[in-house]
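Student: I am new to this structure and would be grateful for a close look at a single part of it. Could you please take me through the main pocket and then place it in its wider setting?

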Amino acid sequence: MNVLSHVRPGDEMAATRIYAAGLIQKLRPFFGSVDAAAEFLAPHLQRDRGVIALVDGRVVGIAGYRLDGHGLFEPKWRHFRRRFSLLGTAIRMTGLALLDKEEQEDVLPMGGIAVAEEVRGMGVGSALLAEIVAIARRAGKRAVRLDVVDTNPRAKALYLRRGFVVEGRRRLDLLRPVFGFATVTVMRCHLDRDTGSV
């Protein structure tokens, strides 16, 4: 397995499809299906804000992050308007903004991690996470922050194993009918640059 700190040209759709499949619970209210989400998002993937894992040259995992004001996907209002009504555009942009993480000076927000089903349990998620932490260190950050939904205990267990700690919880009671989950756990990995450990 190889891990790259960027998405290779030509891998945008493959990477986006894995991302959409892994985060479909969050994306379904806005796009309906993995195919629709991937088709819409792939042209707006920022290749330098994605870390990918390759097996035999094929993308099998992706993790995104926000740095210097730019995240993994950056569709604009005009892109939504080409596909959706005015109201549909407003709803989608507002809803997706709720899922986005605010950037802080010394914290790298991670925007999601997704691994192809056929390679889960083979260390792909851990490798992607390690590269995100390395990017945070190179950027001079003191921590990596992420949110994990209460319906994804497997992801939470991965983050705990990799040195993340629970920082708090956010309730999304009013949005539960939309997303299908009510609680988001906020997790943070404090970086120890002296030892190089996570």
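Predicted model: local features only at pLDDT ≥ 70, side-chain atom pairs only at ≥ 80, totals over all residues.

Tutor: The largest pocket has a volume of about 740 Å³. Its lining consists of 33 residues, and those closest to the centre of the pocket are I113, N152, R154, A155 and Y159.

Which helices and strands each supply at least two residues of the lining? They are the helices α1 (12–22), α2 (24–31), α6 and α7 (153–161), together with the strands β4 (107–115) and β5. Sorted by class, the residues of the lining are 17 nonpolar, 10 polar and 6 charged.

Is K141 buried or exposed? Its relative accessibility is 6%, and because buried means under 20%, K141 counts as buried.

The wider setting can now be described. The protein has 8 helices and 7 strands. It comprises 198 residues, 47% of which count as buried. Among contacts with a separation of 6 or more, 69% are between residues 24 or more positions apart. The accessible surface of the protein amounts to about 10000 Å², and carbon and sulfur atoms account for 50% of that surface.

Two further loops call for a remark on backbone geometry. Most residues other than glycine have a negative phi. D56, however, is a residue other than glycine with a positive phi, near 55°. D56 is found in the loop that joins β2 (50–55) and β3 (58–65). With a relative accessibility of 81%, D56 counts as exposed, the cut-off for that class being over 50%.

D68 likewise has a positive phi, of about 55°, although it is not a glycine. The place of D68 is the loop between β3 and α4 (77–83). At 59% relative accessibility, D68 counts as exposed.

Terms used
Residues numbered from 1 in each chain as written. Heavy atoms only, no water. Buried < 20%, exposed > 50% of the residue type's maximum accessible area, 1.4 Å probe, protein only. Helix = DSSP H or I, 4+ residues; strand = E, 2+ residues; numbered from the N terminus. Contact = heavy atoms within 4.5 Å. Areas by Shrake-Rupley, 256 points an atom, 1.4 Å probe, with all protein chains shown as cover. 1 Å grid on protein atoms, 1.4 Å probe; cavity = no way out; pocket = protein on both sides within 12 Å on 5 of 7 lines; lining within 4 Å. Points joined across faces, edges and corners; volume = space filled by probe spheres on them. Nonpolar A, V, L, I, M, F, W, Y, C, P; charged D, E, K, R; others polar.
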